[in-house]
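Please keep the sequence and the 3D view open while going through the points.

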Amino acid sequence: MTYTPHKPPIAESPEELRRRIPGWGVDLDPRDRPSVPKLQFQEDFTGAHWEFPERQPEKYPRERSVEHGMLTPVFGTAQPLSGVSGAIRRHAYRYAEGRMAHWLLLVLGDRVDAWEHHLKSLLTLRPDNPITETGVKAEFTHHGLRSRVGQHRTDLKHQVLDPVIVGGPWIAAAGAAYVGARSMARSLARVGSDGRRPVH
Amino acid sequence: MRAMAYRGPYKVRVEEKQRPRIEHPNDAIVRVQLAAICGSDLHLYHGLMPDTRIGHTFGHEFIGVVDEVGSSVQDLRVGDRVMVPFNVFCGTCWYCARGLYSNCHNVNPNATAVGGIYGYSHTTGGYDGGQAEFVRVPFADVGPSRIPDWMADEDAVLLTDMTATGYFGAQLGDIVQGDVVLVFGAGPVGLVAARSAWLMGAGRVIVIDHLDHRLEKARTFAHAETYNFTEYGDIVLEMKKATDWLGADVAIDCVGAEADGDFVQHVTSAKLKLQGGSPVALNWAIDSVRKGATISVMGAYGPLFSAVKFGDAMNKGLTFHTNQCPVKRQWPRLFEHVRNGYLKPSELVTHRVPLEDIAEGYHVFSAKLDGCIKPLVVPTAA
């Protein structure tokens, strides 16, 4: 036991384990495992036929970490920076990865990006639809209730926050739009009723 | 082409997008036949990963058929059926030359702390992923492998991340014969890590989670002892009792950023995004192991700080081994294990979701409905 020199014994012997579990011990030798040794030079380069790869053309100014000495020879081209979120993210890339500002600005850029796209989508034939895009239909087709009731699920305590995270900003935006429209209507009515600037 | 597109936290849809183009002479375009949703995709889906852009296509587990190759591609041919590791890697940078493909320095301009990953935000390079009909695969001569004739598609797709990562996680535990191994999280990676621990000679394997259907799978697939932490006042204390007060020799964290078990830790990280991830499982691992033990971290965390109990880790003399899995390095041995029946990843598949229903697929996986363990995605044209 713990308070004496020897380790607590294992209930099953290696032979018993080998009988019960197919493949028990086939990777027993720690030196004969695929990730060992670490940091050993690999002669074959896994199929690469270059020492430094040819460079991918940079068709627009590609943002990069200031901790890189150069733009990497290959990079993703999905969703280039654009709009206000693009400006925020571009600013974020002025800070090194060790700086909190780098990551917090990227998170801010993510939220602004979402709103930019939500608003843009309202001008299209396919506006964002929080009902279909959250997939909540699955609650009715994939046993939403049965998957929760009577289970020992600790995540149920905070799952109630998910609709708030998804719907909260939409409700807040609708509320702000309503309050703004109402105050504008009131101020227009006030201006119209004092007789100086009639409103037609 | 049809592709999944991120529309903000908890929202995805299928959109018509441009088919990807050859951007580099060693690119290939792969027509996806089968993809998967990974637990780490949920971190993106929940808005936890910085620089996840609207319109981004997720998906780093996929297999398919080569549809087009760039001018310098020598090995692959149009029509080849390939499995693609989740790592984008060049094969020859300082890291790749030493087998650390997941740390490749030539593919991710956005960050130096992480390599390139398909469909995993711009923080990992800005590559659209495989939950789509087509995907761009850089360094086609380096990453993809032809799928062996004898291998089932569902096994192949799950070797591109989940199986390799679980197996790698067990290796990073430096398990020796007779070790007591604790696995936190009975998701797909945890289940494979638990099963792999036996291959490395573990004497006991204990899996901890709060979902009964996953713990049941831990018993049948991974032959493990299981503990539902909600049934105990203090799971750390329970692990001390279960190990005759010594603590486990090895712990493997297969939970990561959205760990449950502590309301404040979970909400401040997964909901309010004030931490890089909820360190509940990691802290339980630190507290549950014996002094001088090894902790392998396979759970994914974000780049911000997390409230990890590092003082206890130091005082106990713990060794931490961490990394994203260099998938291709695992494949030759894993192919043997699959062929010999020691690992059968497709046994973990619970749902097959048409690409057009991807929003429901994400919701089922995220809300843990319907006994979901591993959902696959079947593209429209497959």
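Predicted model: local features only at pLDDT ≥ 70, side-chain atom pairs only at ≥ 80, totals over all residues.

1. Extent of the interface. How many residues of chain A are in contact with chain B? There are 103 of them, and they meet 115 residues of chain B. The two chains bury about 9100 Å² between them, and carbon and sulfur atoms give 55% of that area.

2. Between chain A and chain B, 73 residue pairs are in polar contact. The elements of chain A that each give two or more residues to the side touching chain B are helix H1 (14-20), helix H3 (100-121), helix H4 (130-134), helix H5 (138-141), helix H6 (156-159) and helix H7 (161-193). H3(A) gives the most, with 12 residues. Sorted by class, this side of chain A has 44 nonpolar, 30 polar and 29 charged residues.

3. Salt bridges. Side chains of opposite charge can pair when their charged atoms come close. The whole structure has 38 salt bridges over all chains, and the interface of chain A and chain B has 10 salt bridges. In one salt bridge, Arg7(B) meets Asp128(A) at 2.8 Å, N to O. In another, Asp32(A) meets Arg333(B) at 2.9 Å, N to O. This second pair crosses between chains: Asp32(A) lies in the loop between H1 and helix H2 (83-92) of chain A, while Arg333(B) lies in helix H10 (residues 327-339) of chain B.

4. The parallel sheet of chain B. Six strands of chain B form an open sheet with parallel pairing, in the order E12-E11-E10-E13-E14-E15. Why is one side of strand E12 (225-228) and of strand E15 (319-322) of chain B left without a neighbour in the sheet? Both strands stand at the edges and each has a single partner strand, so one side of each has no neighbour there. On average, neighbouring strands of this sheet are turned by 20° against each other, direction ignored.

5. Inside that sheet. Strand E13 (residues 248-253) and strand E14 (residues 289-297) of chain B run parallel and are joined by five bridges. Val250(B) stands opposite Thr294(B) in E14(B). Helix H8 (residues 280-288) of chain B packs on the sheet, where it touches strand E10 (180-184), E13, E14 and E15 of chain B. The direction of H8 makes about 150° with that of E14(B).

6. Antiparallel strands of chain B. Strand E3 (residues 28-36) and strand E4 (residues 62-69) of chain B run antiparallel, with seven bridges joining them. Here Ala35(B) stands opposite Phe62(B) in E4(B). E4(B) also pairs in the antiparallel sense with strand E5 (residues 81-84) of chain B, over four bridges. In that pairing, Val65(B) stands opposite Arg81(B) in E5(B).

7. One loop residue. Where is Ala300(B) placed? Ala300(B) is in the loop between E14 and helix H9 (310-315) of chain B. Leaving out residues up to four places away in sequence, Ala300(B) touches Ser40(B), His43(B), Tyr120(B), Gly256(B) and Ala257(B). Ala300(B) and Gln324(B) are 24 residues apart in sequence, and their C-alpha atoms are 8.3 Å apart in space.

Terms used
Residues numbered from 1 in each chain as written. Chains lettered and ligands numbered in written order. Heavy atoms only, no water. Contact = heavy atoms within 4.5 Å. Buried area = accessible area lost by both parts, 1.4 Å probe. Salt bridge = Lys/Arg side-chain N within 4 Å of Asp/Glu carboxyl O. Polar contact = N/O pair within 3.5 Å; in protein donor to acceptor, adjacent residues only side chain to side chain. Nonpolar A, V, L, I, M, F, W, Y, C, P; charged D, E, K, R; others polar. Pairing = 2+ DSSP bridges. Axes fitted to C-alpha atoms, helices over the stretch in contact; angles between N-to-C directions.
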